[in-house]
Amino acid sequence: MKICFDMHTHTVASGHAFSTFKENVEEAAFKGLLALGISDHAPAMPGTAHPIYFGNFKCIRQELMGVKLFMGVEANILDFEGNLDLEETVLRKMDYVIASLHVPCITPGTARENTDALIGAMKNPYVKIIGHPDDDRYPLEYERLIPAALEHGVALEVNNSSFNPRSGRQNAAKNVARWLEIARAHRLPIILGSDAHIYYDVGDVSMAEKMIKEANYPEELVLNASLEGLNYILNRR
């Protein structure tokens, strides 16, 4: 499968990533991506950028080196109601918003509480992607999560970095296989993300591709398989 874009990437602005904006764009161009999303961590993540960073994307061109650029954010879910760590005045300036559960920002709850948190975030009209719903530290009720994602027009992410043996996330392969089976039955659009924290991982979704191939997931439901898939996740109202 030819992947046209990668929307989950981080730069040095995230505080714990290691490459610049320019290095990420160069890697995307080198790998033949048609589009790239930059989704640095929102302010509740220790060490990341101030909210003013996310309000200054107007200075960035819409295309560089033949790669269409989209500026987003990986927002942190703060509570089991799904509240995020950026105000609406900032979120509405983003091309897209990923919402994720991160240990530094919210203490894991029960499967019901964690699922409530994700569903609450989905109700935010700016949230278009749920990042890495695959971690046993945050058990989830996928039977509730997937219909909610379909209802709210939100894509669930198969996160390539979750399969890294050194990842802090637990049992991602088991959990992704489980939720892909349910998602396939609901015909839920999904997205593959590198979650790159260094330039050479930009566009690398090889393990995520392996997972969806093993799950026999329909290619037409993988948003990255065509540039038109961007329409599902961009903040266009």
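User: How do the residues lining the largest pocket divide by class?
Analyst: They are 9 nonpolar, 11 polar and 7 charged (Ala, Val, Leu, Ile, Met, Phe, Trp, Tyr, Cys and Pro are nonpolar, Asp, Glu, Lys and Arg charged, the others, Gly among them, polar). This is a predicted model, where local features need pLDDT of at least 70 and side-chain atom pairs 80 or more, while totals for chains, interfaces and linings use all residues. Numbering starts from 1 along each chain, and side-chain values use heavy atoms, without hydrogens or water.

User: Which residues lie nearest the centre of the largest pocket?
Analyst: S161, S167, R169, D195 and H197, out of 27 lining residues. A pocket here is an open set of 1 Å grid points where a 1.4 Å probe fits, over the protein atoms alone, with protein on both sides within 12 Å along at least five of seven lines; lining means an atom within 4 Å of a point.

User: And the second largest pocket, what lines that?
Analyst: It has 16 lining residues, with F57, Q62, L69, M71 and D95 closest to the centre. By class, that lining has 7 nonpolar, 3 polar and 6 charged residues.

User: Switching topic, how many disulfides are there?
Analyst: The structure has 0, taking a disulfide as two cysteine sulfur atoms within 2.5 Å.

User: Is C4 buried or exposed?
Analyst: C4 counts as buried because its relative accessibility is 9% (buried is under 20% relative accessible area, exposed over 50%, partly exposed in between, with a 1.4 Å probe and protein chains only).

User: And C59, buried or exposed?
Analyst: C59 is exposed, at 56% relative accessible area.
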